[in-house]
Amino acid sequence: MSAFAVKGTAETPGVPPGGPVRGLAWAVLRLHRAVLVVWGAFLLTAVGMLVWEVEITADSVRDRIAACGRTGGLCRLQNLTDYSGTIGWASTLVYYSFFAVAAFAGGALIGRELENGTAQLAWTQSVSPTRWLAAKLAVPAVLLAVGGTVFVFVFRWAWAANRDLMGDDWTFNDVFAARGPALVAYGLCGLGVGALAGVVLRRSLPALGVACGVMYLVNHNLEKYREDLWPTVASGGSGGWSHPESHYWPMHLVETGIVLGVAVLATGAAFWVLRRRTA
């Protein structure tokens, strides 16, 4: 039986207890609980890695570096890589998880529901197409916002805790995004783009592919032209122009605004297309 074919109340047959939208939100949680559990476990693992590296591994790395003795640079480099590499992988995987979000939204969340007729069944259960889409997007949007925000705060703490053991800086793509709200914005953008692809194509696999392709174009171009998001300043003595670290927040917030703008446009377009097709 479909997850949307829920038992109605005595007052309104076919409507889930607590109202159609609330009932649909719970149906979304039940239907996609495996994906949501994997997402939660993924974030907890990433956060756990950061905490472990700062609280446990950092002191061990310093002890090993002190014991390197005459072996010098290579020994030190290997130990630094062990520490900074783990933190780097955590930020990279969480940052680029927006590809997985776009694939999930376009494929399983929206595209498959329209392809197999589950969405149309939901619309007969006192839930309008617009409310159906709103409920489908609300649950993952909240989880993305909350989970991403927690990771950003933990990563900022971990990245700044032992800078002498790190081999990166604020200009690295994953560091740039993971230290602020751009990380959350990319996740929400993946959700909106995936929803639009699903509503337009109404087939899971094509929607999945198109959503990931669009997110690649958005992310690739923003990373490529990131330095153009804020005016550069003259570099002391070199005669060139560059971005000092004080430009991090202006550049970051401009990029966040652009990504959120794409997310809003894609989500709004998804609602518009759905209303047009179901009018």
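Reader: What share of the contacts in the chain with a separation of 6 or more comes from residues 24 or more positions apart?
Author: Such residues account for 76% of those contacts. Contact here means heavy atoms within 4.5 Å.

Reader: What kind of model is this?
Author: This is a predicted model, in which local features need pLDDT of at least 70 and side-chain atom pairs count only at pLDDT 80 or more, while totals for chains, interfaces and linings use all residues. Residues are numbered from 1 along each chain as its sequence is written, and side-chain values use heavy atoms, with hydrogens and water left out.

Reader: OK. How many helices and strands are in the chain?
Author: The chain has 10 helices and two strands. Both are DSSP runs numbered from the N terminus: helices are H or I with at least four residues, strands are E with at least two.

Reader: And in what order do the elements run from the N terminus?
Author: The order is α-α-α-α-α-α-α-α-α-β-β-α.

Reader: How much of the chain is buried?
Author: Buried residues make up 44% of the 279 residues. Buried means under 20% relative accessible area, exposed means over 50%, and partly exposed lies in between (1.4 Å probe, protein chains only).

Reader: On to packing. At what angle do α6 and α10 pack?
Author: Helix α6 (residues 129–161) and helix α10 (residues 248–278) pack at about 165 degrees, their axes 11 Å apart. Axes are lines fitted to C-alpha atoms, for helices over the stretch in contact, and angles run from 0 to 180 degrees between N-to-C directions. The two helices are therefore roughly antiparallel to each other. As for the terms, angles under 35 degrees count as roughly parallel, over 145 as roughly antiparallel, 65 to 115 as roughly perpendicular, and the rest as oblique.

Reader: Which residues of α6 and α10 meet?
Author: On the α6 side they include Pro-129, Trp-132, Leu-137 and Arg-156; on the α10 side, Tyr-248, Phe-271, Leu-274 and Arg-275 are among them. The residues of this contact divide into 10 nonpolar, three polar and two charged. In that scheme Ala, Val, Leu, Ile, Met, Phe, Trp, Tyr, Cys and Pro count as nonpolar, Asp, Glu, Lys and Arg as charged, and the others, Gly among them, as polar.

Reader: How do the axes of α2 and α6 cross?
Author: The axes of α2 (residues 33–66) and α6 cross at roughly 10 degrees and come within 9 Å. That pair is therefore roughly parallel. Among the residues making the contact are Leu-36, Trp-39 and Glu-55 of α2, with Gly-147, Gly-148 and Phe-151 of α6. By class, the contact has 17 nonpolar, two polar and one charged residues.

Reader: What about α4 and α6, at what angle do they pack?
Author: Helix α4 (residues 98–115) packs with α6 at an angle of about 155 degrees, with the axes 12 Å apart. These two are therefore roughly antiparallel. Glu-113 and Leu-114 are among the α4 residues there, and Lys-136 and Pro-140 among those of α6. The contact of α4 with α6 has nine nonpolar, no polar and two charged residues.

Reader: Changing topic: how many disulfides does the count come to?
Author: The count is zero, taking a disulfide as a pair of cysteine sulfur atoms within 2.5 Å.

Reader: Is Cys-189 buried or exposed?
Author: Cys-189 counts as buried because its relative accessibility is 0%. Cys-189 sits in helix α8 and, leaving aside neighbours within four places in sequence, is in contact with Met-215, Val-259, Val-262 and Ala-263. Val-259 is 70 residues away along the chain, yet the two C-alpha atoms are separated by 6.4 Å.

Reader: And where is Met-251 found?
Author: Met-251 is in helix α10, and it counts as buried at 3% relative accessibility. Beyond its neighbours within four places in sequence, its contacts include Trp-170, Phe-176, Arg-226 and His-243.

Reader: One more: what phi does Arg-202 have?
Author: Arg-202 has a positive phi of about 60 degrees, although it is not a glycine. Most residues other than glycine have a negative phi. Arg-202 lies in the loop between α8 (182–201) and α9 (204–224), and at 24% relative accessibility it counts as partly exposed.
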